[in-house]
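Keep the picture open as you read.

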Amino acid sequence: MSLADNLAAYLTRVRETPTRVENLARISGGASRETYRFDAVSGPERLGLILRRDPRRSLIDTDRRVEFLAIASFADKDVAAPRALWLEEEGAELERPFFIMSRVDGGEAAGPFTPDAYGCHARAIGERFFSIMGKIAREPVARLPLAQAAIAPAPEDCWRRELDHWTGVIDADETHPQPIVRAAIRRLGRDPPPPPARVSVVHGDLRSGNFLHDGVGHILAVLDWEMAHLGDPLEDLAWAMDPLWSHPGDPRVSGMVTPDEALDIWRAASGLEIDAKALAWWRLFASVKGQAIWTSAAKAWSDGGMTEPILAFSGWFTARAQDQILSRRLAELGPL
Amino acid sequence: MSPKLPELLVGLAVSLSSPAPPEAGGDYAAGRLGLVATLLLLASQEAERGAAARIWENAAMAELLGQPLPPLDLAWSALDARNAELRRALIALHISAEDQGDRELQTRILGLYEAMAHARRLELPG
């Protein structure tokens, strides 16, 4: 049976109505899940849907339940989250774990390394992007669906949990010594940030390229919630501000707005103040986290039979670019 | 660094020769081919300057570590193996400099990191 046949069998069962699958096509949608678009057709009804299925090998090992519940947490919260519909952690008819969510048509995702990806609409996109980020940070976490699956750290432990996690990824997946990122890890461990005023939902990968926009200044859908967790909301802000996502020579954050404008928009939307020392810590951490992801990508590419070029690109080009960013930042900071 | 150029070229050949299921055609296949093309262009940069970068980096680290330069083996695998040894020693030296508060040595090491990252740079075409 083909993937389309299995998907139709699954939908027929869970929707309790005969369902056909049409126009099934794989799309680029992050390297940690296989992503497909398709139409589910039942009589006159046609639903545009997205399937996110676990791959045999992944860039990062993430919990699809957490991703599903993170998306579900922000339905109708004005942050352009899709609608989470079905989750199958055992794989059911599709053999590997997956979930299905609503599809948002009519948008495009910018390439993260495309110069001036938003053209004359960059400012409008930036205002909406950092406003969405601030709204995610503002949302009280206790009653969100995500709280069923994500553990909330104490505010003073946010930094340590994330640093330990991503250091562990590098320890596990590194195949060649990396003195630059190791120096950054030591620096972060020796000089922790002040704790956040409160623990928030952290999207985990909110940056240029991970949302759909309509080409005229509107964000239609925020994607790739697979690294969502609870933690310090500055983590998202710092990740989006990493120089990796800005074209060399462009002073704007991710080609959208200036850093000061980004901070102002986020402050207004989140209702939170930004501690300069904490933000500086999380910005260096963002580059460490990036290097951990790219290290993991290289390992996944090699272990997976070297068939996925996106993993080679992340583990090679992006890792080299991240080393340049990290080494410049460490030199600016100077000796301990 | 990983992946290494010889592995990368093998991997790209594997990518191009692996059959894709019918649902992974169209735009997805076109995007994947475009990525393979980009990787090949980056591989040409690595082929041009990758060996020189490794030879320079190994010599620079050996000098800072006060280690003698052994006879040069120009095979990529030998350069990378020596590079891994030197990088491990450099990490240990950096930790020692931090623990002892040797700011001058730390500054030299941080400067070397910048030069190493620059020598290994890859530039996207266009």
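**Starting from one proline**

Pro112(A) counts as partly exposed, because it has 17 C-beta neighbours inside 10 Å, while a buried residue would need 20 or more and an exposed one 12 or fewer. Keep in mind that you are looking at a predicted model. To find Pro112(A), look in the loop of chain A that runs between strand S5 (98-102) and helix H3 (122-138). Which residues does Pro112(A) touch, if we skip those up to four places away in sequence? They are Arg207(A), Ser208(A), Gly209(A) and Trp245(A).

Now let's turn to a pair of helices in chain A. The axes of H5(A) and H8(A) come within 10 Å and cross at roughly 140°, and the crossing is left-handed. On the H5(A) side, the residues that meet H8(A) are Val181(A), Ala184(A), Ile185(A), Arg187(A) and Leu188(A). Their partners in H8(A) are Trp281(A), Leu284(A), Phe285(A), Ser287(A), Val288(A) and Gln291(A). Sorted by class, this contact has eight nonpolar residues, two polar ones and one charged one.

Two of these residues turn up again in the largest nonpolar core, which holds 113 residues. Ala184(A) and Val288(A) are among the members that touch the most other members, and so is Tyr113(B). H8(A) gives the most to this core, with 14 residues. Tyr113(B) itself is in contact with Pro179(A), Ile180(A), Ala183(A), Ser327(A) and Leu330(A), leaving aside its neighbours within four places in sequence.

That brings us to the meeting of the two chains. How many residues does each chain bring to the contact? Chain A provides 41 residues and chain B provides 41 residues. On the side of chain A, H9(A) gives the most, with 15 residues. By class, that side has 25 nonpolar, ten polar and six charged residues.

Finally, look at chain B by itself. It has four helices and zero strands. Its C-alpha trace spans about 60 × 30 × 25 Å along the principal axes. Chain B is more spread out than a compact globule, because its radius of gyration is 19 Å, well over the 14 Å that the globule rule gives for 126 residues. Buried residues make up 25% of chain B.

Note on methods: Residues are numbered from 1 along each chain as its sequence is written. Chains are lettered from A and ligands numbered from 1 in the order in which they are written. This is a predicted model: local features need pLDDT of at least 70, side-chain atom pairs count only at pLDDT 80 or more; totals for chains, interfaces and linings use all residues. Helices (H or I, at least four residues) and strands (E, at least two) are DSSP runs, numbered from the N terminus. Two residues are in contact if their C-beta atoms, placed from the backbone, lie within 7 Å. Ala, Val, Leu, Ile, Met, Phe, Trp, Tyr, Cys and Pro count as nonpolar, Asp, Glu, Lys and Arg as charged, and the others, Gly among them, as polar. Axes are lines fitted to C-alpha atoms, for helices over the stretch in contact, and angles run from 0 to 180 degrees between N-to-C directions. A crossing is left-handed if the near helix is turned anticlockwise from the far one by less than a right angle, and right-handed if clockwise. A nonpolar core is a set of buried Ala, Val, Leu, Ile, Met, Phe, Trp, Tyr and Cys residues joined through C-beta atoms within 7 Å. The radius of gyration is taken over C-alpha atoms; the globule rule is 2.2 Å times the number of residues to the power 0.38.
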